[in-house]
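Work through the exercises below with the structure open. Try each task before reading its solution.

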Amino acid sequence: MQKVYESLKQGMEVRKNLIELKQMLKEESALETYLSMTEDDELIASFLADEDAKTRKNAALVLGLVQSQESMEKLWEAYRTETQLFVKSAYLSAMQKLDCRAYEKQLKDRYQELLAFQPAEDERKHIQEELKELRRIVIQFDGGITKHKFIGYDKPQDFILTTLKNYQDTTSVQIETGATRMIPMGVQVARGNIREAMRIRTYRELLFTLRCDKNLPPRPSVIAGELARSNMIRVLRELHEGEAPFYFRLEIRSSMPLDKKSNFAKKLAAEIEQRTNRFLVNSTDHYEVELRFLENRNGGFYPCMKLYTIPVKRFSYRKYTTAASMHPSLAALLVELASSWLTSHARVIDAFCGTGTLLIERIYALSVRAAYAVDIFGDAIQGARENAGIAHLKINFLQRSYLDFTTDLLFQEVWADMPVHVQKTKEEMEEFYHVFFDKSEQLLEEHGRIFLYSNEHGLVKKHLRLRTSLKLQQEFCIREKDGAYFYIIEKIPFVPAQDPVQETPDPQAEPVQEAKDPQAESVQAAAQPGQANAKPEIQHP
């Protein structure tokens, strides 16, 4: 960095060195290094007056990265007098990182001016960039975005509840209001009730469907036009208190290369703003609406909408998670699939509890007498304790390995989301599952059950074949692509082998005279004295 800065002081390859300095400053602790070797930012600020527009742009971005408050006045003046549209957004990007409240009125006036401005086609991209940066500053001035209040809980709406493939019916049967049909991504509901849907735990997301073409071509202007003519604006108004604008983000689920997708999203966001007369305003940092576009096999897009204005309370206990934490909708699905096998007021144990999601969903489904949770990782146990406290549930947490766990208690249910051991050998995995089943047999009472989620289908089936005391009652393929299965296994009582029943003779009964078999007599006669054990020779009549 020192070498680059010295080159700038000598005026050598200014644009190239500014770009290099800008990249360096994005690295961790680079700012401290920069501040230690410079007394002020006069040198960098001087390049705001350079004849080369790209040099001015990069100088502005560097001043933002080093948070040069003393350069604020020069940044404002450079922004005000800049003639190249593509440079203006760089000044605003730098100002966002500084205290620019002295220019609040001028910046807000410029924002309103650009909102009403209809740029020429060749100017549109740069005006949109300037508007985006201005919007971020204006939001800062106003203390952030005040989200609209959702009021549409009981207004009939069309929506989709997304579910795992092949388990749409598990969610569908819980819907009481509206017409339903199964689609690949979940359950489609016509004129359903949002309040009712928010009580269902087995779906992942609630997405609003839009009344427009369901196979939109990958052309931003056409997509934006369809959305503007759809019921989207009406739905947003009906379901919320408050006036426009609504801030939105885009989610493009497509096989496009990343750079192409990014460019497509920028153009589409700008088109949506323009076609909706800025009823919808794009913001990647502060948003309350997500417009999602799902690419189909034909290369077209299926549009839907997710609202972040709806308070999510289904899994409000889930404050602490880890990368390995099970999604709560999956945990709820597993418990629902197991519902006919659950025991009321059972003593239950979660063998690898993580942050407690699976066990909490189990307790929500049916009351338990006592709940125990075991995990070897202290951070996970601590997070699980916090989550259980939020859920107001009494759970006994133990930081230790389930495989070494001992107790005099017997359990009616063992729950296990089996850890994924990507670095273990086949032999180590064999041993792990062997010890797990041994331990679970020891802890279960007769007719107790193991509820097991695992992606080691072969290992599970092998160990069940080797154990006569464990019977697989039911299995579900949850995700075929990664081999994830859910098993319900019951401990079968041991039945000892019994000796043949000997009849006790009745002393009152008359002795029974056995009928003589002539052939048998001839067989007996054939045996010579002293050869009672010899094989007799059968005499045929």
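**Exercise 1.** In this predicted model, find which residues of the largest nonpolar core touch the most other members. Then list the contacts of L8 beyond its sequence neighbours.

*Solution.* Start with the core itself: it holds 44 residues. Those touching the most other members are L8, I44, L75, Y91, M95 and L107. Now take L8 and set aside neighbours within four places in sequence. L8 is then in contact with V14, N17, L18, L21, L43, I44 and F47. Finally, look for another core. A second, separate one has 43 residues, F150, L236, I252 and M305 among them.

**Exercise 2.** Examine the backbone at P245, Q67 and H447.

*Solution.* Most peptide bonds are trans, and most residues other than glycine have a negative phi.

- The A244 to P245 bond is cis, with omega near 10°. P245 lies in the loop between β6 (240-241) and β7 (246-253).
- Q67, not a glycine, has a positive phi of about 50°. Its loop runs between α5 (53-65) and α6 (72-81).
- H447 also has a positive phi, near 70°. H447 belongs to strand β15, residues 444-454. At 45% relative accessible area, H447 is partly exposed.

Notes:
Residues numbered from 1 in each chain as written. Predicted model: local features only at pLDDT ≥ 70, side-chain atom pairs only at ≥ 80, totals over all residues. Heavy atoms only, no water. Core = buried A, V, L, I, M, F, W, Y, C linked by side-chain atoms within 4.5 Å. Buried < 20%, exposed > 50% of the residue type's maximum accessible area, 1.4 Å probe, protein only. Contact = heavy atoms within 4.5 Å. Helix = DSSP H or I, 4+ residues; strand = E, 2+ residues; numbered from the N terminus.
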